[in-house]
Amino acid sequence: MSWIDIAAIDDIPLRGARVLKTAAGCVAVFRPTEDEAYALSDRCPHKGGPLSDGIVHDRKVTCPLHNWVFSLETGEAQGADEGRVDTYPVRVENGRILIDGTALTRRHAA
Amino acid sequence: MTKKLVVIGAGMASGRMLEHLIAGDPQAYDITLFNAEPRGNYNRLMLSPVLSGEKTYEDIVTHDDDWYAENNVTTRFGEKVVAVDRDRKVVIGEKGEVAYDKLVFATGSNPFMIPLPGHDLPGVIAYRDLEDTQSMIDLGARPGARAVVIGGGLLGLEAAAGMAARGVDVTVVHIMGHLMERQLDESAGFLLRRSLMDKGIKVLCSANSKEIVAGDDGRVRALMLDDGTELPCDLLVMAVGIRPSTALAQEAGLAVGKGVHVDDQMVTSDADILALGECVEHDGALFGLVAPLYDQAKVLAHTLLGVEDRFVNKEVSTKLKVTGCDLFSAGDFADAANREDIVFRDPARGVYKRLVLEGNRIVGAVMYGDTGDGAWFYSHIKDATDVSEMRDTLIFGPAYQGGASADPLAAVAALPDDAEICGCNGVCKGTIVDAIQGGAGDLPSLKATTKASNSCGTCTGLVEQLLELTLGDDYAAPAAQPICACCDLTHEDVRRLIKSKELKSQPAVWQELGWKTPNGCHTCRPAVNFYLLADWPLEYQDDPQSRFVNERKHANIQKDGTFSVMPRMWGGITTPDELRAIADAADKYAVPTVKVTGGQRIDLLGVKGEDLPNIWKDLNEAGMVSGHAYSKGLRTVKTCVGSDHCRFGTQDSTGLGIKLEKILWGSWTPHKVKLGVSGCPRNCAEATCKDVGIVCVDSGYQIGVGGAAGMDVKETERLGDAATEQEAIDLTVAFIQLYRENAKYLDRPYKWLAKVGLDWVQERVVDDLDSRAALVERFEISQSVYRKDPWAQHVETERNRYAPLADLTLEAAE
């Protein structure tokens, strides 16, 4: 693993998200609570909606296009919908968000 | 032979004791009652309501002359007791002696007067009895009167608030850093101070009094502080504490410490002399609050009657009797190593709750702003309940206990009796429950007896819950649709409870109304966010994270994740310069589609999210603002050209459309709102299928509401006619505000109207002019916050929200 410092946790509004541009495509970085961050592919498997524009509640996000709900922890679609979004390891340390660069590269290579 | 009992002091404790004694055996004693005040027993606790004018002296008398006569109590009021001769067993009054077999000291306490220079000047009083209260009432009758209160404790603040309510200019001087420091910590003290300042009371903390200054007339003129500040006053009230009144007992040779020593049977060091109330010391404790005094009264009466009983000192609670300052405090707050605090704060609502725990028991509770659960906490303090099982949710009160199987009726059950359920007819919970218990067992009969839910019907759900709560299994409520799986309440219930419980933040809604999720979901959050900002425009801060992306980013998201940008064109009017700026922006940001909309404006479709602030800035610079084409709010006001150009036009429909749009723009509503203004009945602006459609006629304006041209197509219904343009505007604004305040989120006006009925709306908007004016005023208050261009604001302060968090594609390739 190679941890890359991407931003301060406060750069993302509480219960909000921002987009991280990577060679593997756009990654949505979520902040569901004060000191937690999750990274998921910013593309809903249903119709490609930008998950970073969804409403964040509990540890879940609702896609803005057709209200599919995904777990931020597993990337799994919730409820009746079936599908999964790629997730990326993220750590929060001293108020900074670190993302696993290896995981990003691996996904790119694959 | 009947024994002789003499009682010295006619305070609350002695009054209660006499009741118990006479109830126990009316023949047991021949009673004589001395009182230095020229009157009998009255409820001293109620002096503050007398001062504030809520009660009169007659209201607070507990025993009148007839009572003493009926019960053969010889009264010697207005007569001081000079001495007690224990050897001869006589009480020596100013007007003669009385012999006793048993004697009761109920001499109460004296207010402590700080021995400042000038403390004995005329115009310097304590707050202790009716005379003091009367002095303060008299002061209120003098125009421009000023008062200083020394002491920011319970009594001092009640005195200050009472005088302020009578128009006196009051300053409170408190030596400690914050008010009521014995009951409150700093933050709660701050909240209290703020509400007092809101009442116009000045509050100086950490202020040391130095000297009371006399005027030329020899009366008090000012209080001087040790920093040299002079606070001019016509009356100075010292409310810094009380001292047990023990001089007489001491002279009689009884054992006296801080107070007159008594044992568990309330007997002093002399077996024939008993004592109770604020003058006694029991097991090291002194007493200032009424609850233990009443316990003492019962024990003392029992002792006199030879019934075995024992006084046990229990925890007590206190409430500040100042209207608008809701404060509760009970138990003990002293910091100690083995004590822990649980604190809940809601700054937006001004609510503060603190519990002090020792082991698994609550030993102290203080609440500010929301004291509804005070009695519940107090009972746990008294009963020393083991609270370890409910510790996690303890601070949220009884509505939250009981674990996962949360009772959907808990929120309604927890409402106080005076909580307003039906806003239309001003019906409180207590009235409804009384009616149900009186036999009104279903909704129709409740409507008939109380008028609750008889008008707009939005409180029906709550009324049904009350039926269920009161009648239990006997009542089968029709199933109502909750907002979402996060809670058991309907939209209408939540709206009503937000108002009646004065919930002013989302966490408050989640907590008080029993949300089952930590912070809602995409269905309830936007609704709750809207309800809060519509009901509390000045207090609630809009939460972008509780908005659908369109309203969060002020642009409509498209199927490919790009956005549409639509500048406002007031009343559908534009200029060559604006059109050029729109064309330039379309070029600059490579907008793939430019479309003219049905609402008379131009839509730029396919703008990238990160370009939004840039294109807005360009459009702002050309004088254009957001068209809110994305919002549950005012969209457009479609107009025809009206009397300016059209040969049929009767009024300036374009001008009215522009005026309406400039008044209404930026306001949030339960769903989108579209208006139309047509200059004549030919109706070129298609006003009769809008949410509000105005048709100009020769005699004025016809205002229709509740039209639709979407999923449903519906013609407007006539709200009313207006003779002048201003009246047409007022009717429109009042209608929209009524809709904002009452409709369910995502109900267009026509759906809401179908529920509440046009009559109900007309009563409030057309017929009742005061109600119309109040609606317009509330709309304007809300617009003072929201009538602003969100594009300009986001360009200024939110720009980075639209940019990527970071761009790792720019990192050197590995």
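How many residues does the contact take from chain B and from chain A?

Analyst: One point first: this is a predicted model. The contact takes 20 residues from chain B and 30 residues from chain A. Take the chain B side that touches chain A. Its residues divide into nine nonpolar, seven polar and four charged.

Strands also meet across the two chains. Strand 2 of chain A covers residues 16–22. Strand 39 of chain B covers residues 806–807. The two run parallel, and two bridges join them. One pair can be named here: A:Lys21 stands opposite B:Asp807, which lies in strand 39 of chain B.

Chain A has ten strands and one helix. Read along the sequence, its pattern is β-β-β-β-β-β-β-β-β-β-α. Chain A has 110 residues, and buried residues make up 42% of them. Consider its contacts with a separation of 6 or more. Residues 24 or more positions apart account for 41% of these.

One loop of chain A deserves a stop. A:Asp58 sits between strand 5 (55–57) and strand 6 (60–62) of chain A. Its phi is near 50°, a positive value in a residue other than glycine. A:Asp58 has 17 C-beta neighbours inside 10 Å, so it counts as partly exposed.

B:Leu746 lies between helix 22 (725–742) and helix 23 (749–756) of chain B. Phi of B:Leu746 is near 75°, again a positive value in a residue other than glycine. B:Leu746 is partly exposed because 15 other C-beta atoms lie within 10 Å; a buried residue would need 20 or more.

Chain B also holds an open sheet of five strands. Their order is 9-16-10-11-12, and the pairing is parallel. Strand 9 (124–126) and strand 12 (202–204) of chain B are the edges, each pairing on one side only. On average, neighbouring strands of this sheet are turned by 20° against each other, direction ignored.

Strand 11 (residues 169–173) of chain B pairs with strand 12 of chain B in the parallel sense, over three bridges. There, B:Val172 has B:Val203 of strand 12 as its bridge partner.

Helix 5 (residues 130–140) of chain B touches strand 9, strand 10 (146–150) and strand 16 (235–238) of chain B. Its direction makes about 145° with that of strand 16 of chain B. Helix 6 (residues 154–165) of chain B touches strand 10, strand 11 and strand 16 of chain B. The direction of helix 6 makes about 165° with that of strand 11 of chain B.

Technical notes. Residues are numbered from 1 along each chain as its sequence is written. Chains are lettered from A and ligands numbered from 1 in the order in which they are written. This is a predicted model: local features need pLDDT of at least 70, side-chain atom pairs count only at pLDDT 80 or more; totals for chains, interfaces and linings use all residues. Two strands pair if DSSP finds at least two bridges between them. Helices (H or I, at least four residues) and strands (E, at least two) are DSSP runs, numbered from the N terminus. Axes are lines fitted to C-alpha atoms, for helices over the stretch in contact, and angles run from 0 to 180 degrees between N-to-C directions. Two residues are in contact if their C-beta atoms, placed from the backbone, lie within 7 Å. Ala, Val, Leu, Ile, Met, Phe, Trp, Tyr, Cys and Pro count as nonpolar, Asp, Glu, Lys and Arg as charged, and the others, Gly among them, as polar. A residue is buried if 20 or more other C-beta atoms lie within 10 Å of its own, exposed if 12 or fewer, and partly exposed in between; C-beta atoms are placed from the backbone.
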